[in-house]
Amino acid sequence: MVTRKSRQEIEKMRRAGRVVAEVLALVESELRPGVTAARLDELAERHMQATGAVPSFKGYLGGCRYGRGPRAFPASLCISIDDEVVHGIPDGREIREGQLVSIDAGAIVDGWHGDGARTFAVGGVAPEAKALVDATRLALMAGIAAAQPGNRIGDIGAAIEDVALSARYGVVRQFVGHGIGTCMHEDPQIPNFRARGDGGRVIEPGMCLAIEPMFTLGGDDVDVEADGWTVVTRDGALAAHFEHTIAITEDGPEILTTVGAPAFAGDRSV
Ligand code: MG
């Protein structure tokens, strides 16, 4: 079921989105060779607590469900390095020069979620790695620009896939964007590619969507590691991941995972 959020509800999601943007900026400022993923996770969780937010990911079981135990996601951030695409578990590994580090943050404020991700290049990286990161960021903005009222959900994936096709990047198909609200993962699913069929549901004002292209320097296939969470490229190729939570307004898409004034699709501050 796809829900449409009221203006007041979108305001609450904007607060959650702001915390997500702050967390990503904080983590970026601390990201350097030698820092551990666990340390970044600790900083993120502390910031969320200080702002009265709750991490969306900690204790997550899937769907709208949370709990304890070995199947629950154990951290506040997902940190995925190099060939890890998404859902990496922060641990004591030290970040190294030349790595691609994808950081996904989710925050709940007053029961409403925000979800956002960015891939960072640590120090100097290979030119093709930097180009992959730039293209994935560009694809996110192209997907957001396509999220206009009256368009269809499929137009988002088509816009994203077009960016990937231009440089023959792999597009991960097993993990997709999603509706978001009082649950982190709501309907509709938002593929990052042209799906078969009529293009899916018409986009309407009040929909809140998390758009999140995942591109690779190789193929589309991914596997889940033995930890039950970490998604890696099957061919070991580098991956990048960018995500924003947006609200559809009468005037078009509005980015919620941002610090400060509303940012629109033409804004480069992703
Ligand atoms: Mg997401």
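In this predicted model, helix 1 contributes four residues to the lining of the second largest pocket, the most of any element. About 270 Å³ of space lies in this pocket. Its lining counts 14 residues, and Arg7, Ile10, Ile248, Thr249 and Glu250 are the closest to its centre. Helix 1 (7–30) and strand 16 (244–249) are the elements that give two or more residues. By type, the lining comprises four nonpolar, three polar and seven charged residues.

The largest pocket holds about 560 Å³ of space. Of its 31 lining residues, Tyr60, His87, Phe175, His185 and Trp229 are the closest to the centre. At least two residues each come from strand 2 (60–62), strand 9 (177–179) and strand 10 (186–190). Strand 10 gives the most, with four. The lining splits into 13 nonpolar, 10 polar and eight charged residues.

A magnesium ion is coordinated by Asp115 (OD), His178 (NE2), Glu212 (OE) and Glu243 (OE), at 2.1 to 2.4 Å. The donor spacing in sequence is D-x62-H-x33-E-x30-E. Asp115 belongs to strand 7 (residues 112–121), whereas Glu212 sits in the loop between strand 11 (208–211) and strand 12 (214–216), so this pair ties together parts 97 residues apart in sequence. Asp115 and Glu212 are both buried.

Three strands make up an open, antiparallel sheet in the order 5-14-13. Strand 5 (84–86) and strand 13 (222–224) are at the edges with a single partner strand each, so one side of each lacks a neighbour in the sheet. Neighbouring strands are turned by 40 degrees against each other on average, direction ignored. Strand 13 is joined to the antiparallel strand 14 (residues 231–233) by three bridges. Asp223 stands opposite Val232 of strand 14.

Conventions. Residues are numbered from 1 along each chain as its sequence is written. This is a predicted model: local features need pLDDT of at least 70, side-chain atom pairs count only at pLDDT 80 or more; totals for chains, interfaces and linings use all residues. Side-chain values use heavy atoms; hydrogens and water are left out. Donors are N, O and S atoms within 2.8 Å of the metal (3.2 Å for Na, K and Ca); water is not among the atoms, so sites may look incomplete. Buried means under 20% relative accessible area, exposed over 50%, partly exposed in between (1.4 Å probe, protein chains only). Two strands pair if DSSP finds at least two bridges between them. Axes are lines fitted to C-alpha atoms, for helices over the stretch in contact, and angles run from 0 to 180 degrees between N-to-C directions. On a 1 Å grid over the protein atoms alone, a cavity is a set of points where a 1.4 Å probe fits but cannot get out, and a pocket is an open set with protein on both sides within 12 Å along at least five of seven lines; lining residues have an atom within 4 Å of a point. Grid points are joined across faces, edges and corners, and a volume is the space filled by probe spheres set on the points. Ala, Val, Leu, Ile, Met, Phe, Trp, Tyr, Cys and Pro count as nonpolar, Asp, Glu, Lys and Arg as charged, and the others, Gly among them, as polar.
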